[in-house]
Amino acid sequence: MTPTRSEFLHFAPWEKALFYVLIAAAVATMAWQIWDRRRLWMQGRPVGWKQDRFGNLVRFVLGQKKVQGARPTHGAPMHLGLFYGFLTLLVGTTLLAINTYSEALLGIKFHQGAYYLVYETVLDVMGAVFVIAVIWAIGRRHLSRPKGASHASSDTYALLLLLLLGLTGFWLEAARMANDPQSFDSSAPIGYALSRWMGSVDVGLYKFVWWFHMAWVAAFFVLLPRMRIRHIVLALFSTAGTPPRAFGHLTPISMEEVEATGRIGVSEAKDYSRWHLLSTDACMECGRCTEACPAWNVGKVLNPKEVVQGVRRAMVSGEGIVDAVGVEALLDCTTCGACVEACPVNIRHLDLIVDARRSIVAEGGLSGTAATMLRQLSGTDSAWGQNRSDREAWMKGLEVPLCREGAAFDVLFWVGCAGATDPAAIRTTKAIARLLSKAGVRFACLGREEACTGDPARRLGDEFQFQEQAGKLVPLFEKYEVKTILTACPHCLNTFRHEYPDFGGRYEVIHHTQFLARLVEEGKLQASTAGNVTYHDPCYLARMNGESDAPRLLLGDRTNLNDDAAALVHWIQSEPGSPLRRVREPANHGRKTLCCGAGGGRMFMEEPREKRPGVRRANELIETGAATVAVGCPFCRIMLDASLGQASDAPPRLADVAELLSEANP
């Protein structure tokens with residue numbers, strides 16, 4: 001006998017019709033609730049970007065990219081079990097329905113033979129995975145709930161509903177086998193075992209179990225939009241519409257837009273895009289963004305999850321965003337992107353926060369040291385308030401080529417405000433200049449012609465101060481025909497790479513560790529031989545721009561060869577006297593690095609010593625036991641210099657990677 005089964009076993013036509021009416025009504029009720037919610041999203045601005053819908057769905061929904069990269073302690077295995085178990089059951093049910101209709105309308109039945117046996121086995125196994133994951137989720141929520149996760153009684157009810165669906169599904173399968181046993185039933189091992197335990201099942205009991213299961217399926221559709229698990233549906237739309245730009249790229253505002261709307265930034269929910277409003281409804285309130293937030297973790301007011309919920313409330317109530325979220329919370333953000341990186345449904349917290357900051361600044365709501373920095377930047381073209389004539393002071397005693405003097409160059413060495421002002425950052429600047437000269441690189445600097453990129457102003461909310469800075473630098477780069485920019489500042493790198501193209505500035509932008517790594521690979525420089533080193537990944541380099549290998553290569557670490565045995569052997573043979581050094585990694589590194597607290601304009605804002613993100617990071621770096629902390633960002637260096645001293649009476653040495661490389665290349 002060909003392995004198969006009959007759909008609607010023992011059902012009369014009227015019973016089938018009743019089932020279709022029940023399910024159609026339930027699905028229609030769900031769709032109506034979602035459509036009714038849509039009117040709130042549609043009050044926002046039309047989306048102004050072209051979405052890669054299919055690619056986003058494959059990467060972030062089917063591939064569960066964000067969840068795959070999460071730590072097991074964040075419940076990743078549980079969530080993957082829930083998702084793939086639910087997806088398998090959904091696909092299996094859909095295939096069964098297609099077979100039913102194709103057989104009735106076209107006489108084609110594919111639900112049989114070897115396909116059927118595999119189908120039964122897969123659904124049984126994944127159904128078990130789903131049930132186990134739901135039980136895990138219930139236990140985790142009540143016994144070890146993450147401190148950042150929201151909780152309401154409806155969450156437990158939702159999980160119990162999912163558990164009921166899974167268990168009654170197995171009950172129904174077992175009842176079918178017990179009522180109509182077949183020799184191939186063992187292809188579904190769990191259902192088969194339950195059927196043997198149940199014994200004989202008559203038609204009446206089988207129909208009861210069937211309707212009991214289907215009633216809960218219908219209830220699931222009706223209740224879905226009212227529970228947090230609505231993200232099962234809404235995340236599909238939200239993720240599909242994710243902006244194609246890097247999350248380190250903020251969208252500019254034009255003067256034409258300001259004149260048309262009479263506002264700068266976002267003051268009400270309707271000022272956000274429709275996608276941003278939809279994404280707040282897709283939020284599952286898992287709290288992963290909050291757990292990752294450097295501000296929240298040191299006791300500040302900012303809670304990224306509550307920012308999203310605040311915008312959602314404002315979307316419904318019509319209250320202002322600042323009132324719904326709070327000025328202090330909005331200004332606490334370091335724009336490090338940890339929240340966006342952690343979010344499973346791709347919510348852009350940074351967009352929500354910076355757009356609201358723009359409104360605060362436009363309304364004169366910024367004061368204190370942050371406002372002082374903006375005035376300094378406006379008056380001197382330096383966030384530090386440094387005079388242009390002082391930008392060349394670091395060059396004393398060095399032969400540094402200058403663009404204005406007609407130096408021929410392939411690479412523009414962009415020093416930046418910190419690199420020309422802060423004493424420690426100047427040591428990095430000098431080290432880079434020496435290394436470039438030693439390697440024979442044709443480079444030049446702008447010197448006193450340099451000006452701040454505008455990054456601190458933009459992320460603090462002063463959009464037009466940023467655009468003014470871009471308006472000065474883009475023509476200057478055109479004047480000197482700049483093609484490649486080398487910088488030690490990840491913030492400058494991010495701005496030049498992702499944001500200046502909006503203003504006509506398109507360049508190859510390279511971080512100094514990336515460029516120096518090239519020189520090491522070419523044999524023009526030697527990697528550092530310093531031992532017992534840990535490395536602090538800057539947020540704007542590792543997370544925003546995906547670079548964490550180059551600095552480690554410069555520190556002599558070859559573990560970034562991704563287990564390429566041939567490359568590893570070649571390196572060992574080429575440097576027989578060198579051990580395979582491994583950088584002592586802190587618990588959080590690479591894209592999951594901990595923020596030092598300097599970004600988003602926070603470098604220039606006062607804060608209590610006990611609420612400095614840098615101290616939390618310093619403690620983690622000290623725990624590695626390393627004698628030297630290597631950095632690759634002047635902002636990080638400034639913040640960690642103070643934080644390491646606060647965290648330890650005998651702090652480790654703090655040095656930029658370029659300095660350590662310079663010591664290996666005297």
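1. Leu352 sits in helix 17, which covers residues 349-362. The model is predicted, and every value in this note is computed from it. Leu352 has a relative accessible area of 2%, so it counts as buried, the cut-off for that class being under 20%. Setting aside residues up to four places away in sequence, Leu352 touches Tyr272, His276, Val307, Val308, Val311 and Ile347. Arg434 is 82 residues from Leu352 along the chain, and the C-alpha atoms of the two are separated by 42 Å.

2. Arg313 belongs to helix 13, residues 304-317. Its relative accessibility is 40%, and Arg313 therefore counts as partly exposed; that class lies between the 20% limit for buried and the 50% limit for exposed. Apart from neighbours within four places in sequence, the contacts of Arg313 are Glu306, Gly318, Glu319 and Ala324.

3. The chain as a whole comes next. It has 666 residues, of which 57% are buried. It contains 30 helices and seven strands. Along its principal axes, the C-alpha trace spans about 95 × 65 × 50 Å. Among contacts with a separation of 6 or more, 77% are between residues 24 or more positions apart.

4. How do helix 6 and helix 8 cross, and at what angle? The axes of helix 6 (residues 153-179) and helix 8 (residues 203-223) come within 9 Å and cross at roughly 155°. Helix 6 is therefore roughly antiparallel to helix 8, since angles over 145 degrees are placed in that class. The crossing of these two helices is left-handed.

5. The contact between helix 6 and helix 8 can be read residue by residue. On the helix 6 side, the residues are Leu161, Leu162, Leu164, Leu165, Thr168, Gly169, Trp171, Leu172, Ala175, Arg176 and Asn179. On the helix 8 side, they include Val203, Tyr206, Phe208, Trp210, Phe212, His213 and Phe220. By class, the residues of this contact are 18 nonpolar, four polar and one charged.

6. Helix 6 also packs against helix 7, residues 189-198, at an angle of about 60° and with the axes 8 Å apart. Helix 6 is therefore oblique to helix 7. The crossing of helix 6 and helix 7 is right-handed, whereas that of helix 6 and helix 8 is left-handed.

7. Which residues of helix 6 meet helix 7? They are Phe170, Trp171, Glu173, Ala174, Ala175, Met177 and Ala178, and they meet Ile190, Gly191, Tyr192, Leu194, Ser195 and Met198 in helix 7. The residues of this contact divide into ten nonpolar, two polar and one charged. Trp171 and Ala175 are listed here and also in the contact with helix 8. As background, an α-helix has 3.6 residues a turn, so residues three or four places apart point the same way.

8. Helix 28, residues 613-622, is mostly covered, with seven of its ten residues buried. The buried residues are Pro613, Gly614, Val615, Arg617, Ala618, Glu620 and Leu621. Arg617 and Glu620 are among them, and both are of a kind that counts as charged. The cover over the buried residues of helix 28 includes strand 5 (533-535), strand 6 (628-631) and helix 29 (634-647).

9. Two residues deserve a look for their backbone angles. Most residues other than glycine have a negative phi. Phe8 has a phi near 55°, which is positive, and is not a glycine. Phe8 is in the segment before helix 1 (13-41). With a relative accessible area of 15%, Phe8 is buried.

10. Glu481, also not a glycine, has a positive phi of about 55°. Glu481 lies in the loop between helix 22 (463-479) and strand 3 (484-487). Is Glu481 buried or exposed? Its relative accessibility is 60%, so Glu481 counts as exposed, whereas Phe8 is buried.

Note on methods. Residues numbered from 1 in each chain as written. Predicted model: local features only at pLDDT ≥ 70, side-chain atom pairs only at ≥ 80, totals over all residues. Heavy atoms only, no water. Axes fitted to C-alpha atoms, helices over the stretch in contact; angles between N-to-C directions. Helix = DSSP H or I, 4+ residues; strand = E, 2+ residues; numbered from the N terminus. Parallel < 35°, antiparallel > 145°, perpendicular 65-115°, else oblique. Left-handed = near helix turned anticlockwise from the far one by under 90°. Contact = heavy atoms within 4.5 Å. Buried < 20%, exposed > 50% of the residue type's maximum accessible area, 1.4 Å probe, protein only.
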